[in-house]
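Work through the exercises below with the sequence and the structure open. Each task is followed by a solution in steps.

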Amino acid sequence: MRGSTDGSAHTTPAAAREYRVDPATGPTGNTVTVPVDGSLRRLRLRVTGNTGRPAARFSEGEAYGP
């Protein structure tokens with residue numbers, strides 16, 4: 001993930017890591033929360049892999065400000 005306060009200079013607000021998404025774990029199993037700095041105005045998300053299938057997958061995103 002990359003973030004920016006001005007749209008041109010980007011930083012890494014959250015380090016790359018494995019996030020587990022498992023609908024079998026209950027109603028929030030398909031949800032991953034990644035906390036980032038509230039001053040960011042733009043976010044870029046890059047999905048690079050999938051531990052359960054051979055392709056990366058992303059279906060929906062939401063961002064909430066302070």
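## Exercises on a predicted chain

At 63% relative accessibility, Arg-41 counts as exposed. The model is predicted.

**Exercise 1. Place Arg-41 in the chain and list what Arg-41 touches.**

Solution. 
- Step 1: Look up the element. Arg-41 sits in the loop between β2 (10-11) and β3.
- Step 2: Apply the cut-off for exposure. Exposed means over 50% relative accessible area, and Arg-41 has 63%, so Arg-41 is exposed.
- Step 3: List the contacts, leaving out residues up to four places away in sequence. Arg-41 touches Ser-4 and Thr-5.
- Step 4: Compare sequence with space. Arg-41 and Gly-7 are 34 residues apart in sequence, and their C-alpha atoms are 7.4 Å apart.

**Exercise 2. Determine how many helices and strands the chain has, and how the strands are arranged.**

Solution. 
- Step 1: Count the elements. The chain has zero helices and three strands.
- Step 2: Read the order along the chain. From the N terminus on, the elements run β-β-β.
- Step 3: Read the order in the sheet. The three strands form an open sheet in the order β2-β1-β3, with antiparallel pairing. The edge strands are β2 and β3, and each of them pairs on one side only.
- Step 4: Examine one pairing. Strand β1 (residues 2-4) is joined to β2 by two bridges, and these strands run antiparallel. The bridge partner of Ser-4 in β2 is His-10.

**Exercise 3. Is His-10 buried or exposed, and which residues does His-10 touch?**

Solution. 
- Step 1: His-10 belongs to strand β2.
- Step 2: Apply the cut-off. Buried means under 20% relative accessible area; His-10 has 18% and therefore counts as buried.
- Step 3: List the contacts, again leaving out residues up to four places away in sequence. His-10 touches Arg-2, Gly-3, Ser-4 and Arg-44.
- Step 4: His-10 and Leu-40 are 30 residues apart in sequence and 9.4 Å apart in space, C-alpha to C-alpha.

**Exercise 4. Describe the largest pocket by volume and lining.**

Solution. 
- Step 1: Rolling a probe the size of a water molecule over the atoms shows where empty space is left.
- Step 2: State the volume. The largest pocket has about 2000 Å³.
- Step 3: Describe the lining. There are 45 lining residues, and Tyr-19, Val-32, Val-34, Leu-45 and Phe-58 lie nearest the centre of the pocket.
- Step 4: Sort the lining by class. It holds 18 nonpolar, 13 polar and 14 charged residues.
- Step 5: Find the main element. Strand β3 (residues 42-44) gives the largest share of the lining, three residues.

**Exercise 5. Summarise the chain by dimensions, burial, contacts and surface.**

Solution. 
- Step 1: Along the principal axes, the C-alpha atoms fill a box of roughly 40 × 25 × 20 Å.
- Step 2: Among contacts between residues at least 6 apart in sequence, 40% join residues at least 24 apart.
- Step 3: The chain exposes about 5800 Å², and carbon and sulfur atoms supply 47% of it.

Conventions: Residues are numbered from 1 along each chain as its sequence is written. This is a predicted model: local features need pLDDT of at least 70, side-chain atom pairs count only at pLDDT 80 or more; totals for chains, interfaces and linings use all residues. Side-chain values use heavy atoms; hydrogens and water are left out. On a 1 Å grid over the protein atoms alone, a cavity is a set of points where a 1.4 Å probe fits but cannot get out, and a pocket is an open set with protein on both sides within 12 Å along at least five of seven lines; lining residues have an atom within 4 Å of a point. Grid points are joined across faces, edges and corners, and a volume is the space filled by probe spheres set on the points. Helices (H or I, at least four residues) and strands (E, at least two) are DSSP runs, numbered from the N terminus. Ala, Val, Leu, Ile, Met, Phe, Trp, Tyr, Cys and Pro count as nonpolar, Asp, Glu, Lys and Arg as charged, and the others, Gly among them, as polar. Buried means under 20% relative accessible area, exposed over 50%, partly exposed in between (1.4 Å probe, protein chains only). Contact means heavy atoms within 4.5 Å. Two strands pair if DSSP finds at least two bridges between them. Accessible areas come from the Shrake-Rupley method with a 1.4 Å probe; for residues, only the protein chains shown count as cover.
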